[in-house]
Amino acid sequence: MKELIEGARQLGIDLNARRVQQFELYYQKLIEWNEKINLTTIIGYQEAQVKHFLDSISVISALTKEEMYKADFSIIDIGTGAGFPGLPLKILLAEPRLVLVDSTAKKVAFLRCVTRELGLDNVEIVCGRAEEIAHLPLYRQRFDLALSRAVASLPVLAELALPFCRIGGKFVAQKKGEVEQEMKKAVKAIETLGGKLGQVKRIELEGLSDGRYLVIIDKIYPTPEKYPRRPGVPGRRPI
Ligand code: SAH
C-alpha cells in the first residue's frame, strides 16, 4: 500500500498499521468478488490504491477538523457501488455513522461481506433507489455529509443527495473535467433543493492530477417535500 500511504501523507494523514491492513483486505475482497460480479475495471494493485482508495479519502479536504471529529458525525454515500468513496473514508475516520446506498443487489452483497470482514461498526447498507430512500424519515435530512462519486451529473445529483443532508450539513460531489459548466447547469437545482454552492477544491495528488474536484454544496434550507421525484425522473428531467 505504498502509493496509498504516500498519498495519504500528502493529505496530512498518517495511516496506522491497522488501517493499512484493512485497505489490503479490502483490495483482496474487491479482486476476489470482481471475478464473479462486475464491480470495477480498476483492478491493478497500484492503480486501485490511487484511483479508488486515495481518491475516496481525498474527500477529507472538504471537511474541517471540527467536522471530522464531531461526535455523532454521519455520512451517506449515494450510489456507492463497491463502496467508493464511503468505505475508505470510514476506515480512515472509524467513528462516524455511515450509510451506503446502492440500487444493485449484487454490489450490496459485496458491501455486506467486505464491511463484516473489515470489522467496521456503525455501517448500514441499504439496497434501493436514492429517490425512494430519501423520503424515509430515518434518512431524510439526517446527515452531516452526503457523498457521491461517478453517479450522475450535478443537477441530478443535487436532487438525489441534498434531501439527505440536515440543515448545516453539506453535500460533496467528486467531479472530473468540465466542472464550471456542470455547476452553472446545477444552480437552479441546488437552490430548489435547499442548497447553496460553496467552495470548489481541486485535488492535486500524485496520480490524481487529471482535473479532479470536490464540489461543496451547503444545505441551508429544508428540501421541499416533493423532492426527490420518482425513480428515474431526476435523470430524465433534471431541474
Ligand atoms: N460510487 C462508485 C460507483 C459508481 S457507479 C464509484 O465511484 O466507484 C454508479 C453506482 O450508482 C452503481 O453501482 C449504481 O447501481 C448506483 N446508482 C445509480 N443510480 C442510483 C440511484 N438512483 N439510487 C441508488 N443507486 C444508484
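Close-up 1. Residues are numbered from 1 along each chain as its sequence is written, and side-chain values use heavy atoms, without hydrogens or water. As the model is predicted, local features need pLDDT of at least 70 and side-chain atom pairs pLDDT 80 or more, while totals for chains, interfaces and linings use all residues.

Close-up 2. Take a look at Arg-149: one of its polar side-chain atoms lies 2.6 Å from a ligand oxygen. Backbone atoms take part too, with Phe-84 at 2.8 Å from a ligand nitrogen and Ala-130 at 2.9 Å from a ligand nitrogen. The protein covers 80% of the 580 Å² of accessible area that the ligand has on its own (Shrake-Rupley, 1.4 Å probe).

**Close-up 3. The largest pocket, where the ligand sits (more than half of its atoms within 2 Å of the pocket's grid points).** A pocket is an open set of points on a 1 Å grid over the protein atoms alone where a 1.4 Å probe fits, with protein on both sides within 12 Å along at least five of seven lines; lining residues have an atom within 4 Å of a point. The lining has 38 residues, with Ile-78, Gly-79, Arg-149, Ala-150 and Val-151 nearest the centre.

Note on methods: Polar contact = N/O pair within 3.5 Å; in protein donor to acceptor, adjacent residues only side chain to side chain.
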